[in-house]
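Me: I would like to learn how to read a structure that is new to me, one feature at a time. Could you take me through it slowly?

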Amino acid sequence: MKLPDRITGLILMLLGIATFYGGSRLPPVPGQPVGPDVFPMVIGAGLAVVGLLIALHIGRGFEDAAEAEVERFGGPDREAEEYARRRRWHALLPPALMVFYYFTSERIGFIPVAAIMIGALAYALGANRRLILPVSIVGAIFIQVMFVKLLRVPLPAGLVPMPW
Amino acid sequence: MNSALAAFSMVFAPDVMIAILASAIYGLIIGALPGLTATMATALLVPVTFYLSPIAAIATIITSSAMAIFSGDIPGCLMRIPGTPASAAYTDEAYRMTLKGQAETALGICLWFSALGGIVGTIALVLIAPLLAEFALNFSTFEYFWLAILGLMCATLVARSSPVKALAAMLLGLLVSCIGIENPGGTPRFTFGSTDLLGGIDVISALVGVFALAEVMRALTQKEPPPIPERKLGSILKGQIELTKKYPKQQLRGNVVGTLIGALPGAGADMAAWVSYSLSKRFSKEPEKFGTGHPEGLVEAGASNNAALAGGWIPALLFGIPGDTITAIAIGVLYMKGLNPGPTLFTEKASSMYALYLVFVIANIIMIPLGIMLIRASKYVLRAPRSLIMPIIMVFCAVGAFGAAGNNLFAVLIVAAFGILGYMMEENGFPVAAMVLGIVMGTMVEQNFVTSLIKSDGSIIPFVSRPIAAFLAFFTFLALFWPLIAWLRRKQAAFAAA
């Protein structure tokens, strides 16, 4: 999702100010010239300045130059850009599914949760409907076997314990 | 000599050989599938490397990344879709060769010159790294501080974006590295009372989010690539020797430029390919043929991006400063396996270093037969539907980060958060590589800064009074103000012309 430079610059500036303030409140270490506060304060100040520059469109010329170069090497695809714009909210599905995994995997178990995740994303990507269910189940079991048996990562069994 | 022999026995151990072969196939397939990058291949490998011996672990990263950078050229040649960003610079050229009925020559160039580039890059690594290591033994925290800052500044300079945005991305990465209690005071910093954040942001989880999950997110906004057209391919390597003889200068220049760009922090194979392709055009005797399916640029850029991979390991092994996004991940694995980067690595763990060089050479040699096999099978591999692969990758992201973070479920949330961050940054022109460098190097910068200040009793004079430190400081400030100088000169030129 593209945001205007004014907005991203402003966000960074506020983040920088917050970082500077947060850093300044950290306790110093007695007898040591620099404590944990200096580094965040430098970063915060830097972010605030850079955020302001971005909001003022400084440095934009370099980006235009890079874009012009890409254009020469084939050029952007207007149709693809329109498609991307229409589907911009779809991009949030994978992180949402990760959050779903965080909250449910321990209770319900790895295999059903992973199968739901695979199925949901495959559907959103327009996979062949008949393949979604088998791929979700086989994919989840495959990953479970690989991580639990081969790599010894303890994935939660939950409601569907496997015989192995 | 004993170290060299020890290296041979390390590399030719059965587990290492199996790891090389398996990761070669894995890298070839990931690289060939559009939307799956070499960095993503590396990030998803990390949880697996936990269970391997140190050499096998490093070998999987080296092999899979080298393979992926080559195989990214295959969909570029056949479908005009780069498999990895490193192929993007010459995808158009390669595809035009295919349209002219020279698909096998184009693929052959990509394979042959990739392998050669990788080997020359390795030779550069073998020659340069130990020399620099000897020099770097004299470095103290002052020099390391400047080196780290200079590395960060380079990352902002080489970004194909606005240097201001690159600087912002880098600062954001440094801010991420501040989180947790690992700081000079040992006080919780920006943890907001969360115990999960006390240990800081797990770097691997963040990288999986930025490089793998963000890619899955992007797939949702892009149409599934069209199916690959049926095509009969002749001999792949036919005519490559002639091309090598015809373009020796281009190949060498590609190798050198690739290695140098790879060694520059923040710039990797994709940057190397762009620079080499345009250099090739600029110095060519027949620049008008570029863009029409002419092999010259392909030779140079193909030789360059694989050389960059080896180049990226030079600062990574010597200073713990990643040369590209792949080594940013590899550094974590090096630490995990007790191969802590630093100049002493070349003296104390010489056999491991020889083993690493050997893996590079082996990887680039087996690339040729395996690459030909993949090209022959590309009809089938490239038909794998993205809509079924991406969901599996997503679950891998979750489980891989969970495993890599010591079975910590919180890592899954980090992946999600950094997926969103990486995706948003990429969309808005903020170079992700600069942020990654900030995350990886933040602790190093702060530690060296604070230790130096304690040593000097709070005085900043030793930061600039030691000769090497002063030299590095000068270049750091030059890098910081370079965009401004470039802008002023452009203004001046425009003014003079008016």
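Reply: What follows goes from the overall form of one chain to a contact between chains.

Reply: This is a predicted model, in which local features need pLDDT of at least 70 and side-chain atom pairs count only at pLDDT 80 or more, while totals for chains, interfaces and linings use all residues. Residues are numbered from 1 along each chain as its sequence is written, and chains are lettered from A and ligands numbered from 1 in the order in which they are written.

Me: What radius of gyration does chain A have, beside that of a compact globule of 164 residues?

Reply: The radius of gyration is taken over C-alpha atoms, and the globule rule is 2.2 Å times the number of residues to the power 0.38. For a compact globule of 164 residues this would be near 15 Å, whereas chain A has 24 Å, and its C-alpha atoms fill a box of roughly 60 × 55 × 25 Å along the principal axes.

Me: How many helices and strands does chain A have?

Reply: Helices (H or I, at least four residues) and strands (E, at least two) are DSSP runs, numbered from the N terminus; chain A has 7 helices and 0 strands.

Me: How many residues does each chain bring to the contact between chain A and chain B?

Reply: Two residues are in contact if their C-beta atoms, placed from the backbone, lie within 7 Å. Here chain B gives 65 residues and chain A gives 65 residues, and on the side of chain B that touches chain A, H18(B) gives the most, with 13 residues.
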